[in-house]
Amino acid sequence: MARRYKIGKFEFDSYEEYARGMADVKKIDKITHSVDIYDPDTALRLYQNIRAKKIRFYSKIGRQFFIDIADIVADSTQTIMDEQEITQIPAKADYSKQILGAVCLLAAIACFVWYFWSDYTNRRGNQVNDYLKELRDSPQQTVEMVSNDSFFLQDAPELAAAAQDVYTDEGVLQPEQKSILMEFTSILQQNPNFAGWITIEGTKIDNPIVWTRDGSDFYLNHNFNGEEDINGTLFMDPRCHIADRSTNLILYGHNMKSGQMFGDLKKYLQEDFFLSHKQIIFDTIYEKGVYEIFAVCLGEVHYRDENIFRYYNFIQANTPEEYQAFLDNIRELSVFMSEELPNYEDDLLTLSTCNNYTEDGRLFLVAKKIQ
């Protein structure tokens, strides 16, 4: 039987939902102890701030609080209306209806355009991904096709300009100085930012990884082909190195509702899924790798002046003590954690995505290399 979590009368199916609920409880407690929510003016300002998302809630507890505030505002408004004589002006009412109709029409058009664009980018992104899989799975058969291909060159000539370069930590490295895996040579010709490929069984994650030396945010909203795409592309932290491998390679991706990019990582908040899908295949352009997930964690992005552990800053461990300190901090943030933990000699892989269990929340998995 699946574990259920409870806060008062509210029940939650997962730890993620429970954590959101607890965060909302703390926020509501702070509000109710700071202001009089039953004061009409205060209630109205509070209602407007929540509607404008200046104050955010992330659970059914927060939604219920918003409903309660709306009821307070409605009751106070009705009281005012009962105390005053309201004069209806037909002409203004008709004019208001015309404006409302126009607004609704524009909203419908905007929704249609957004849906069309979202659907198009999803399809285009899938097309690019399928093409790359062909290059990966049949490198010998596609050499001629790649050399004469216009699929990428027409859409993103800025990527094609450096198609013969292979990068290292310090700059550009000629191919003969570092051996590239055969299955990735054709893909690397398409995009010099290509760093590897990640696959997780039981999810939609089967994607290329990119890496840029300058830490550009280009791939947050562009696909591998260089086209605008709301899904973006999975990318590696620019501080990480694969030629001279860092202790921990950190990969980032959007938490898409469709499950694309790192949208399916949320499945790991279910213990059964975590226990049955621990393996990650992540091959860099230089070497193959199999990793085993040992920790599922929820964290936050913190302000620079806050003296607090930041999982996304652990790139290189120069001593066993630094490595162990990372593991100790990970334990504090873990939702699930295996009993068997990595040793100082083990290479690590971290997958990170957004999660709205709290403001600036992050869901991240940490895995150790086993092959």
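Strands here are DSSP runs of E with at least two residues, numbered from the N terminus. The model is a predicted one, in which local features need pLDDT of at least 70 and side-chain atom pairs count only at pLDDT 80 or more, while totals for chains, interfaces and linings use all residues. Residues are numbered from 1 along each chain as its sequence is written, and side-chain values use heavy atoms, leaving out hydrogens and water.

Is Asp 206 buried or exposed? Its relative accessibility is 18%, so Asp 206 counts as buried; the term means under 20% relative accessible area, with exposed over 50% and partly exposed in between (1.4 Å probe, protein chains only). The side chain of Asp 206 has a polar contact of 2.9 Å with that of Thr 199 and another, at 3.2 Å, with that of Lys 133. A polar contact is a pair of N or O atoms within 3.5 Å; within protein, one must be able to donate a hydrogen and the other to accept it, and residues adjacent in sequence count only if both atoms are side-chain atoms.

Now look at the nonpolar cores, sets of buried Ala, Val, Leu, Ile, Met, Phe, Trp, Tyr and Cys residues joined through side-chain atoms within 4.5 Å. The largest has 69 residues, and Met 236, Ile 280, Phe 282 and Leu 351 have the most contacts inside it. Strand S10 (residues 290–300) gives the most to this core, with 7 residues. A second, separate core of 17 residues includes Tyr 5 and Leu 46.

Finally, follow the chain to Ile 230, in the loop between S6 and strand S7 (235–236). With 24% relative accessibility, Ile 230 counts as partly exposed.

Note on methods. Helix = DSSP H or I, 4+ residues; strand = E, 2+ residues; numbered from the N terminus.
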